[in-house]
Amino acid sequence: METRGFKNLMRVLSAMLLVFLYVPLAIIVLYAFNDSVAQAWPIQEFTTKWFGIAWRSPQVREALANSLEVATIATLFALALGSAAAFAVHRFRFFGRNSVSFLLVLPIALPGIVTAIALNTTINNFRIPFGILTIVIGHATFCIVVVYNNVVARLRRTPTSLMEASMDLGADGWQTFRYVTIVAGALLAFALSFDEIVVTNFTAGATDTIPRFIYRNLRLPHNRPIVNVVAVGVILVMFIPVYVAQRMAGGADVTAAAAKAQANQGAEV
């Protein structure tokens, strides 16, 4: 039985962990409102002028558009292949099934720099022009794994009876699969693709993305305020899909997702 002292210790440790994780992010948010270019502490004056300057920057707009395009295409590509692979591994028994599952998961276990170098070499060997296409190819290597892992885990955790119940409530097979099974994986894949930097650096060529913009301008003191604003934007963009994916990851949320599928079906009718 857990003692009161042990529970208090866990609370303290949990609080320390949250402080360790989120205080640096909070500092970046504060510096985004710093009126001075120099990042001195404490902040003397606060302003929102850097948000307007960042939004009007052609470099920021181009990088944002590229990041959104890459993340969207890579996620759609990963959804098609990752979901198909997950269903094949989960629903069918065939020779080498475990080996296939291992090979599908292996790319995300490798260091990002190794994957990036391998992709860079392959792209150069095939003489593919560096740009949006090559970045999408690079991001797909880990987005497929993310979708595959989420779909397989959800299929193993979701009883067949729940799928049947969702369909009995009016959701067709595709809606049941879409709402109950793959949404969390797609959201997480999009978030990871949006802020990927290591693989992007080796596959982008001259194409800029938001993470590359941050990395390149972080070393320029006069651009630090704009970098802080862009970083805050990345935090906001990342928060929504990650939060929704986390909410959908629990077993109880699977039931809620099934109910949502039924509700959407009724609305469409």
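Student: What makes up the lining of the largest cavity, by class of residue?

Tutor: The model is a predicted one. In it, the lining of the largest cavity has 3 nonpolar, 4 polar and 1 charged residues. The residues concerned are S67, V70, H139, S193, F194, E196, T209 and P211.

Student: Which residues line the largest pocket, and what is its volume?

Tutor: The largest pocket holds about 310 Å³. The residues that line the pocket are Y22, L25, I28, A231, I235, L236, M238, F239, V242 and Y243. Two elements give two or more residues to this lining, α1 (4-32) and α11 (224-249). Helix α11 has the largest share, with 7 residues.

Student: How do you know which class the residues of that lining belong to?

Tutor: Tyr, Leu, Ile, Ala, Met, Phe and Val are on the nonpolar list. The lining of the largest pocket therefore divides into 10 nonpolar, no polar and no charged residues.

Student: What is known of the second largest pocket, and which of its lining residues are closest to its centre?

Tutor: The volume of the second largest pocket is about 260 Å³. Its lining has 13 residues, and W55, V60, L64, V230 and G233 are the closest to its centre. Helices α2 (49-56), α3 and α11 each give two or more residues to this lining. The largest share again belongs to α11, at 5 residues. By class, the second largest pocket is lined by 11 nonpolar, 1 polar and 1 charged residues.

Student: Why does the pair α2 and α3 get the orientation label it has?

Tutor: The two helices pack at an angle of about 65°, and their axes are 5 Å apart. Angles of 65 to 115 degrees count as roughly perpendicular, so α2 is called roughly perpendicular to α3. The contact is made by A54, W55 and R56 on the α2 side and P58, V60, R61 and L64 on the α3 side. These residues divide into 5 nonpolar, no polar and 2 charged.

Student: What makes α3 and α10 oblique to each other?

Tutor: The axes of α3 (residues 58-91) and α10 (residues 210-217) come within 7 Å and cross at roughly 140°. Only angles over 145 degrees count as roughly antiparallel, and roughly perpendicular covers 65 to 115, so the pair falls into the remaining class, oblique. Here Q59, V60, A63, L64 and S67 of α3 meet I210, P211 and F213 of α10. By class, the contact of α3 with α10 has 6 nonpolar, 2 polar and no charged residues.

Student: How do you know whether V234 is buried or exposed?

Tutor: V234 has a relative accessible area of 14%. Buried means under 20%, so V234 is buried. V234 belongs to helix α11. Beyond its neighbours within four places in sequence, V234 is in contact with F194, D195, I210 and I214.

Student: Is S101 buried or exposed, and what does S101 contact?

Tutor: S101 has a relative accessibility of 17%. That value is under 20%, so S101 counts as buried too. S101 is placed in helix α4 (residues 97-109). Apart from neighbours within four places in sequence, S101 is in contact with V89 and Y148.

Student: What share of the whole chain counts as buried, and which secondary structure does the chain have?

Tutor: Of the 269 residues of the protein chain, 37% count as buried. The chain has 12 helices and 0 strands.

Student: How many of the contacts join residues at least 24 apart?

Tutor: Among contacts between residues at least 6 apart in sequence, 71% join residues at least 24 apart.

Key: Residues numbered from 1 in each chain as written. Predicted model: local features only at pLDDT ≥ 70, side-chain atom pairs only at ≥ 80, totals over all residues. Heavy atoms only, no water. Axes fitted to C-alpha atoms, helices over the stretch in contact; angles between N-to-C directions. Helix = DSSP H or I, 4+ residues; strand = E, 2+ residues; numbered from the N terminus. Parallel < 35°, antiparallel > 145°, perpendicular 65-115°, else oblique. Contact = heavy atoms within 4.5 Å. 1 Å grid on protein atoms, 1.4 Å probe; cavity = no way out; pocket = protein on both sides within 12 Å on 5 of 7 lines; lining within 4 Å. Points joined across faces, edges and corners; volume = space filled by probe spheres on them. Buried < 20%, exposed > 50% of the residue type's maximum accessible area, 1.4 Å probe, protein only.
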